[in-house]
Amino acid sequence: MRCSYGLTAIPGTDARFFSPETSFLQLRRTFQPTRIKFGSFKIKAKIDEARKEMSFYELLGISERGTSLEIKQAYKQLARKYHPDVSPPDRVEEYTERFIRVQEAYETLSDPRRRALYDKDLALGIHLAFSARRRYQYDEDLEDRSEWKNRWQSQLSELKRRSRNRDAGGNMSWGARMRRQREELSKEL
Amino acid sequence: MALCASSFPAIINWGAASDPQKSTPFASHFLGGSDLVLQPLKKLNQVKKRPGGAYASLSEGAEYHSQRPATPLLDTINYPIHMKNLSVKELKQLSEELRSDVVFNVSKTGGHLGSSLGVVELTVALHYVFNAPRDKILWDVGHQSYPHKILTGRRHKMHTMRQTNGLAGFTKRSESEYDCFGTGHSSTTISAGLGMAVGRDLKGERNHVVAVIGDGAMTAGQAYEAMNNAGYLDSDMIVILNDNKQVSLPTANLDGPIPPVGALSSALSRLQSNRPLRELREVAKGVTKQIGGPMHELAAKVDEYARGMISGSGSTLFEELGLYYIGPVDGHNIDDLVSILKEVKITKTTGPVLIHVVTEKGRGYPYAERAADKYHGVVKFDPATGKQFKGNSATQSYTTYFAEALIAEAEADKNIVAIHAAMGGGTGLNLFLRRFPQRCFDVGIAEQHAVTFAAGLACEGLKPFCAIYSSFMQRAYDQVVHDVDLQKLPVRFAMDRAGLVGADGPTHCGAFDVTFMACLPNMVVMAPSDEAELFHMVATAAAIDDRPSCFRYPRGNGIGVQLPPGKKGVPLEVGKGRVLIEGERVALLGYGSAVQSCLAAASLLESHGLRLTVADARFCKPLDHALIRKLAKSHEVLITVEEGSIGGFGSHVAQFLALDGLLDGKVKWRPLVLPDRYIDHGSPVDQLAEAGLTPSHIAATVFNVLEQKREALEVMSSRN
């Protein structure tokens, strides 16, 4: 399992799992001791906790190859059963919790992209509830975000460079002319 | 700092908190704030040891309470100027407090939640960096302006949001100087912002102009028109593209989240997920450096080329239009936002700049994050469980009835198709979509295109039903006239939200559709007085195949008449109204939902010994001439009632009466229309009273015409 992660191209999933880039980056992935980009203990703790729980498929009572129609039907059935409004009063809390889980399950499995990600996780033996996955994704996103940060930082420096010469004599745009006019007026004062 | 490290607003149960509903707004916040500051330190320390505690906003359990949450820092901010001395860490805490305040306020009044939650950090960053009201900050559509309103001196009025005499649900110039442009319809802020920027340049001033627009609003043509002009004029302004991948409303259909509509959305996502090859960028930069000083233009071209190659196809779109693209930026990271905005602010002569900010709708409130529609628009709800308090009604909304009627027609006729402009839920066409996925078209926020698109479909022999709100139809008027009516193409217009609309206010009010539709030569114009009539009119419209037709229906629920069997209407005879009550002396001729008010007025007058005739005109064009002649000849008084502006049904009736010589006789004709002013937002009952179209007003008008002034006053003063 350790070797399969990061090197298999999974069709339809997001680019970040299937990297077309240089072998250097692939090497970097396999080096990591916990085989997925875990930065912190808290995620690991959450995963250990989650491992003991049912997978979304088990929760909905369908097989892993269930069609979207089956998923929908199963969700509707369970939702009707566990909705706080119709649950027996002495078990409201338990039922509400189940309802929320069922809803999460449905949301993940009904969205093909999320389902693909979830299936992959499941294959690796991890079941992450939606919100936990969001944090995991948050870590993933962090890397994207740092890419983003580099990008916009360079965009900002480019903006500054351009703005130095923006109103040079040749620029005849309306805005440039007005700016020059304003500068001249303020110089006169 | 202990206050922000733990998950906020956390599990603090303020048993001693003041009763939030009754507290006098301003003073108690301040007092509450100051003594709450001392107390929390202990309690917060207790809860600090949560696993995964740093993700403060993604709280798992139900930690929101119905009592006003503790907001020590927010309590010290009344206007943006009070924020200027905060550190970035404090800004983060402020965002959290602002977020919980928004959730609390919307839970009490209802309103737009998801969008406001998505822009909390952006709002804080904007007000921190820029100096409103001198710097202009414009919010497109305005439904995400709740945090903005809280920060700009209206926090104490948030409990009146969308209510009569309260805060408007959108930005409104007359409400506050911090709302620099009134919004409600989308995609207007870049245009307005450019206007303000150019005005500033002409006056020689130096303030900043920032327009915040969403990716949904970006699908409208006006945004491109504005960007194109902005690029050409090259005036300094900042456009912030708030991208949360939600283009249509509700942000889901009945079965789950909708993938965004349109090619633009995929371009934007490519922008977001693109992993630029930084090596190439470095190479490009290196080349620039080598080229050196004097060769600015060549260097600029090289860099531009490199950017075009690596930053994804979307950014070059904005670049081509002349806006400098920066992004994508994490819209929930205050650090990033503040540094970017600061940098752009201090750079002189930037020209137009577009900052692409990525946010998540409903962020920070777990129920909203998980909901398919992201809690875009909600009624009052319980913050702890996210459950909305939806009232129980015996009847469904006209919107639902329309959808059911259309589905029934479409079952019988495979040529019927439906078109809407990013309003699948609001028009009820999500139901149609579920039943006929191939025959329902969502074109994004593009009403003009929707109408001409429908015209094209009609050319091919299909039967298009264009479901566009009455007020949004204003955006597509030329297309209605030139592309549909002039060529006599059989496009059917279903105008929902006709008349007064309640909490959304004048921006969404459908006052003018009778006027602007009925003056068109080829258009058939009709209005149902109840839901059964609506079914029949849908059938009538489906049957009218040689000319365009339209029908209008109000916001709200049906009155409870029996629906036609099989939920399929029967086409009405075009140009024929009906008489509901036979009476004498006075005739009330109503159009659309006003007929119900006429019936109510008639029953009010029964007790005074007057038996009125009440008629339902059904058609404004062609008018039922025979009915009007009969009414005018056999009654002393004829009163036409409609929930529309001047120039509509009443005017058409007057024109006919005049031409037919009926005004030369003894009949007295009086029109009752919406007054010549905009009716502010409020409850539907209040609005109708403000407009003067309640049953009591109608009854009083009758008395006034009959020269019974005392009874008129009686009726007016006895209404409740």
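Helices (H or I, at least four residues) and strands (E, at least two) are DSSP runs, numbered from the N terminus. The model is predicted, with local features requiring pLDDT of at least 70 and side-chain atom pairs counted only at pLDDT 80 or more, while totals for chains, interfaces and linings use all residues. Residues are numbered from 1 along each chain as its sequence is written, chains are lettered from A and ligands numbered from 1 in the order in which they are written, and side-chain values use heavy atoms, with hydrogens and water left out.

**Backbone features of chain B**

Ser187(B) lies in the loop between H7 and H8 of chain B. Although Ser187(B) is not a glycine, its phi is positive, at about 70°.

| Cis peptide bond | Omega | Location of the proline |
|---|---|---|
| Gly327(B) to Pro328(B) | about -5° | strand S7 (residues 324-330) of chain B |
| Lys621(B) to Pro622(B) | about 0° | loop between strand S19 (619-621) and helix H24 (625-634) of chain B |

**Salt bridges**

Side chains of opposite charge can pair when their charged atoms come close. A salt bridge here is a side-chain nitrogen of Lys or Arg within 4 Å of a carboxyl oxygen of Asp or Glu. Over all chains, a search of the whole structure finds 36 salt bridges. One of them joins the side chains of Lys149(B) and Glu175(B), at 2.9 Å from N to O. This pair links distant parts of the chain, 26 residues apart: Lys149(B) belongs to helix H7 (residues 146-154) of chain B, and Glu175(B) to the loop between H7 and helix H8 (189-203) of chain B.

**Domains 2 and 3 of chain B**

Chain B is divided into domain 1 (74-277 + 316-378), domain 2 (398-567) and domain 3 (578-717); these bounds come from an automatic or database domain assignment. Taken over C-alpha atoms, the centres of domain 2 and domain 3 of chain B are 26 Å apart. Their contact (heavy atoms within 4.5 Å) takes 31 residues from domain 2 of chain B and 31 residues from domain 3 of chain B.

The area buried between domain 2 and domain 3 of chain B is about 2200 Å², with carbon and sulfur atoms giving 57% of it. Buried area is the accessible area (1.4 Å probe) that two parts lose on being put together, summed over both. Of the area that domain 2 of chain B buries against domain 3 of chain B, 25% comes from Leu500(B), Pro506(B) and Ser529(B), more than from any other three residues.

Three salt bridges are found across the interface of domain 2 and domain 3 of chain B. Elsewhere in the list of charged pairs, the side chains of Glu533(B) and Arg578(B) meet in a salt bridge at 3.8 Å, N to O. Helix H21 (513-518), strand S14 (524-526) and helix H22 (531-543) of chain B each supply at least two residues of the side of domain 2 of chain B that touches domain 3 of chain B.
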